[in-house]
Amino acid sequence: ERLCGNIGLPHHHLTATQHTSREVKWAALLGGVIGVSIGCILGMFPLLFLDAEEDKRLKQIFHDLDESGRGMIPVTEISVLLEKAGYVP
């Protein structure tokens, strides 16, 4: 409530009875669900701009370096991976 006051939102002026009512609890729950849903959608927005060709290239480099086939690259090979990917000058 202090945060809402700090950003300029008016106080709710609910009585203690109103604050514990079922309607207020449902409104708070619904507000939380909507807030989390919008946050997830906004968080996934950058996924629209992923470069599929770059992803394929990096997966191929990883596959080439994963000599054991276990889906892991030893620490000693990480620098080679970064150089091949063009991330290390």
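Helices here are DSSP runs of H or I with at least four residues, strands are runs of E with at least two, and both are numbered from the N terminus. The model is predicted: local features need pLDDT of at least 70, side-chain atom pairs count only at pLDDT 80 or more, and totals for chains, interfaces and linings use all residues. Residues are numbered from 1 along each chain as its sequence is written, and side-chain values use heavy atoms, with hydrogens and water left out.

Start with helix H4. Glutamate 54 and arginine 57 both sit in this helix, three residues apart, about one turn. They form a salt bridge, with the closest N and O atoms 3.2 Å apart. The term requires a side-chain nitrogen of Lys or Arg within 4 Å of a carboxyl oxygen of Asp or Glu. Side chains of opposite charge can pair when their charged atoms come close. Glutamate 54 is partly exposed at 24% relative accessible area. Arginine 57 is partly exposed too, at 35%. On this scale, buried means under 20% relative accessible area, exposed means over 50%, and partly exposed lies in between (1.4 Å probe, protein chains only).

The structure holds two salt bridges. Aspartate 55 and lysine 59 also meet in one, at 3.5 Å from N to O. These two residues are four apart in helix H4, so about one helical turn separates them. Aspartate 55 is partly exposed, at 39% relative accessibility. Lysine 59 is exposed, at 54%.

Now turn to the nonpolar side. The largest nonpolar core has five residues: Ile61, Leu65, Ile73, Leu81 and Ala85. H4 and H5 each supply at least two residues of this core. A core of this kind is a set of buried Ala, Val, Leu, Ile, Met, Phe, Trp, Tyr and Cys residues joined through side-chain atoms within 4.5 Å. Which residues does leucine 81 touch, not counting those up to four places away in sequence? Leucine 81 touches Ile61, Phe62, Leu65 and Ile73. Contact means heavy atoms within 4.5 Å.

Phenylalanine 62 lies in helix H4, which spans residues 52-65. It is partly exposed, with 30% relative accessibility. Leaving aside neighbours within four places in sequence, phenylalanine 62 is in contact with Gly71, Met72, Ile73 and Leu81.

Isoleucine 78 belongs to helix H5, residues 75-85. Its relative accessible area is 34%, so it counts as partly exposed.

Next, the aromatic rings. Rings of Phe, Tyr and Trp (its six-membered ring) pair if their centres lie within 6.5 Å; planes under 30 degrees apart count as stacked, over 60 as edge-to-face and the rest as tilted. By this rule the count is one aromatic pair. Phenylalanine 45 and phenylalanine 49 form it edge-to-face, 5.4 Å centre to centre, with 75 degrees between the planes. Phenylalanine 45 is partly exposed at 46% relative accessible area, and phenylalanine 49 is exposed at 61%.

Last comes a backbone detail. Most residues other than glycine have a negative phi. Histidine 13 is not a glycine, yet has a positive phi of about 55 degrees. Histidine 13 sits in the loop between helix H1 (2-6) and helix H2 (16-19). It is exposed, with a relative accessible area of 66%.
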